[in-house]
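Please open the structure in your viewer and keep the selection panel at hand.

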Amino acid sequence: MCDQRGCCWKPQGTISVPWCYYSKSHGYQVEGNLVNTNAGFIAQLKRLPSPSLFGNDVNNVLLTAEYQTSNRFHFKLTDQNQDRYEVPHEHVQPFNGNAASPLTYKVEVSKQPFSIKVIRTSNSHVLFDSSIGPLLFADQFLQLSIRLPSANVYGLGEHVHQQYRHDMNWKTWPIFARDTIPKGVTFQYGTLSTDYHSVFHEGHS
């Protein structure tokens, strides 16, 4: 099945590292150059030719990036050819300002396969890096893999833990909710995927 999906198969013995992983032929590539806007930049992404995993893949994706504040970077991936429903929120409005300056971070975009990286300029720490896996964008399915910037990770949903800091040694942490009492090492009511906190060795988060 791994070969049929166009993935790579590499047995790793008894360690927990995945044996099956995506090749660089999956994902998207940036078409042309980044186009600067008042708030940041945009880029057109085109799907790389590779086997479809779930069907109904979106071939053309628009990346919209905004330097909203000196400490906040926002980017959005949308279907370039078809409008899709987005849940409205009374307190989250479209950003209408200009790009902030000066910035405490810098943004790097790799063209093929597409990935995006956010780096803190004061100490060159990588805060966000999607180069560990390809972008998958299909009808009713979106996947963006992120390389963790630190092993000190907290949050990511509501679970019963043996310790406050997560075990990130290739352990799978689900982000689902179910109606159950706290028992055992399992997931609970909350799916607070935004409740994510990572601490670097010098104490910065």
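Contact, a term used throughout this tour, means heavy atoms within 4.5 Å. The model is predicted, so local features need pLDDT of at least 70 and side-chain atom pairs count only at pLDDT 80 or more, while totals for chains, interfaces and linings use all residues. Residues are numbered from 1 along each chain as its sequence is written, and side-chain values use heavy atoms, with hydrogens and water left out.

**Stop 1: the whole chain**

Display the entire chain as a cartoon. It contains 0 helices and 13 strands. Helices (H or I, at least four residues) and strands (E, at least two) are DSSP runs, numbered from the N terminus. Of the 205 residues, 29% count as buried. Buried means under 20% relative accessible area, exposed means over 50%, and partly exposed lies in between, with a 1.4 Å probe and protein chains only. Among contacts in the chain with a separation of 6 or more, 44% are between residues 24 or more positions apart.

**Stop 2: residues 1-24**

Select residues 1-24, which an unreviewed UniProt entry lists as "domain: P-type". UniProt positions are given here in the numbering of this model, feature names are shortened, and annotations may be inferred rather than shown by experiment. The span is 0% helix and 17% strand, and its end C-alpha atoms lie 18 Å apart.

Now show the side chains of tryptophan 9 and tryptophan 19. How are their planes arranged, edge-to-face or stacked? The ring centres are 5.6 Å apart and the planes stand at 75 degrees, so the pair is edge-to-face. Rings of Phe, Tyr and Trp (its six-membered ring) pair if their centres lie within 6.5 Å; planes under 30 degrees apart count as stacked, over 60 as edge-to-face and the rest as tilted. Tryptophan 9 belongs to strand E1 (residues 8-9) and tryptophan 19 to the loop between E1 and strand E2 (20-21), so the pair ties together parts that are 10 residues apart in sequence. Tryptophan 19 counts as partly exposed because its relative accessibility is 32%.

**Stop 3: the sheet E3-E4-E5-E6**

Next, select strand E3 (28-36), strand E4 (40-47), strand E5 (60-67) and strand E6 (73-79). These 4 strands form an open sheet in the order E3-E4-E5-E6, with antiparallel pairing. Two strands pair if DSSP finds at least two bridges between them. The edge strands are E3 and E6, each of which pairs on one side only.

A hairpin of 3 residues joins E3 to E4, and these two strands pair over 6 bridges. Tyrosine 28 has arginine 47 in E4 as its bridge partner, and glutamine 29 has lysine 46. Across the other pairing, E4 and E5 share 7 bridges, and lysine 46 stands opposite asparagine 60 in E5.

**Stop 4**

Show phenylalanine 41 in E4 and tyrosine 67 in E5; the pair ties together parts that are 26 residues apart in sequence. Their ring centres are 6.1 Å apart with planes at 55 degrees, so the pair is tilted. Both residues are buried.

Then select Tyr28, Leu45, Phe73, Leu77, Val107 and Phe114, which touch the most other members of the 19-residue largest nonpolar core. A nonpolar core is a set of buried Ala, Val, Leu, Ile, Met, Phe, Trp, Tyr and Cys residues joined through side-chain atoms within 4.5 Å. The largest share of this core, 4 residues, comes from E5.

**Stop 5**

Finally, select the 3 strands of the open antiparallel sheet in the order E7-E8-E9. Strand E7 (105-110) and strand E9 (126-129) are the edges, each pairing on one side only. E7 and strand E8 (residues 115-120) pair over 6 bridges; valine 109, for instance, has isoleucine 116 in E8 as its bridge partner.

End at serine 115, which lies in E8. Serine 115 counts as buried because its relative accessibility is 6%. Which residues does serine 115 contact, leaving aside its neighbours within four places in sequence? They are Glu108, Val109, Ser110, Ser130 and Ser131.
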